[in-house]
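Here is a short briefing on one predicted model. Look at the structure first, then read the points below.

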Amino acid sequence: MKSREAEKLEDLSKIFEEKSDVALGKLVKEVENQTGRRVEILKQSATRVGKAHIIGITGPPGGGKSTLVSKICKELAKEGLQIAVVCVDPTSPFTHGALLGDRVRMLELAKFPNVFIKSLATRGNLGGLAASTAEIVQVFDAFDRDIIIIETVGVGQVEFDVLEVADTVVLVNVPGLGDSMQTLKAGIMEIADIFVINQADRPGADESVKDLRMMINESQPKDWKPPILKTTATLEEGITELILQIEEHKKYLQQSGKFKEIRESRNLKMFKEQLASRFSEMVESYISADESIQQDIEQVKRGTLDPFTLAEKIGEKVTIK
């Protein structure tokens, strides 16, 4: 007779095989809220991933990222592709959930059954992404999504965390770069795969393209030279060209072998994070149960014992156990 735990795992496996959108929504919610099933969900999804092209849409606030994402999804959905969108929003000070104002711009996607949208709150997490973003992307990938789009929150600077999750990073800006030019100088040239000047019907679009092109030419040469595109998302102008460049970048990643490298690096990073988390829990448990260590910690606080010696002492005792 099967144990209840074995039955739960079997049921979870069936959910991944059936790939119901209703079930997907429930699994994603459990991962986001870090329920007791989260680890098993991630275990089940970890070996089922690898198909989706993960696209990060980033850039300062006010660049029209949500509208641009909506128009990209609309065109891709018409092709019959299975799409998931992760929209990372600021956190409500009242409910601690995502502020969904930008999602109003995506209402036109409701008529496409092949588009699944999930809003996440940053909940104080820095770097433009919610802490659970990578895990939720993994679940989406396990549900055979062809494309997963991540829209970062937009915090006034370019969010570098998206690099850890996305295959293709699209930086969205607007004419008259202003203060955000300092962000570009700070190193964005190294992470963006495609540059977009949105709201290109505004004055200064050509000058912005010229400035970006000059910066790209001055940066270190790479195998992939980031294209610079002009779009006006509200008028659906430039969307087809942007999609073509996103597809071109995917081809480049596949042909160069970098697509596989990114996947392997991402898997290794998640393993190391889980390992570090497990060891951290072990150390915390050991410290809380040992009064002599508590006394040593007080000495560290007072400056009578150096933190390096105590860390070595605890590390040795925990590993010996």
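Gly80 follows helix 4 and has a positive phi, near 85°. Helices (H or I, at least four residues) and strands (E, at least two) are DSSP runs, numbered from the N terminus. This is a predicted model: local features need pLDDT of at least 70, side-chain atom pairs count only at pLDDT 80 or more, and totals for chains, interfaces and linings use all residues. Residues are numbered from 1 along each chain as its sequence is written, and side-chain values use heavy atoms, with hydrogens and water left out.

**Helix 4**
- Helix 4 covers residues 65-78, which is 14 residues.
- From first C-alpha to last, helix 4 reaches 20 Å, close to the 20 Å expected at 1.5 Å a residue (1.5 Å times one less than its number of residues).
- Helix 4 is largely enclosed by the rest of the structure, because 12 of its 14 residues are buried.
- Buried means under 20% relative accessible area, exposed over 50%, partly exposed in between (1.4 Å probe, protein chains only).
- Among the buried residues of helix 4 are Leu68, Val69, Ile72 and Cys73.

**Cysteines**
- The whole structure has 0 disulfides (pairs of cysteine sulfur atoms within 2.5 Å).
- The closest cysteine sulfur to that of Cys73 is in Cys87, 8.0 Å away, so it is too far for a bond.
- Cys73 is buried, with a relative accessible area of 0%.
- Cys87 is buried too, with a relative accessible area of 0%.

**Whole chain**
- The chain has 11 helices and 7 strands.
- Of its 321 residues, 45% count as buried.
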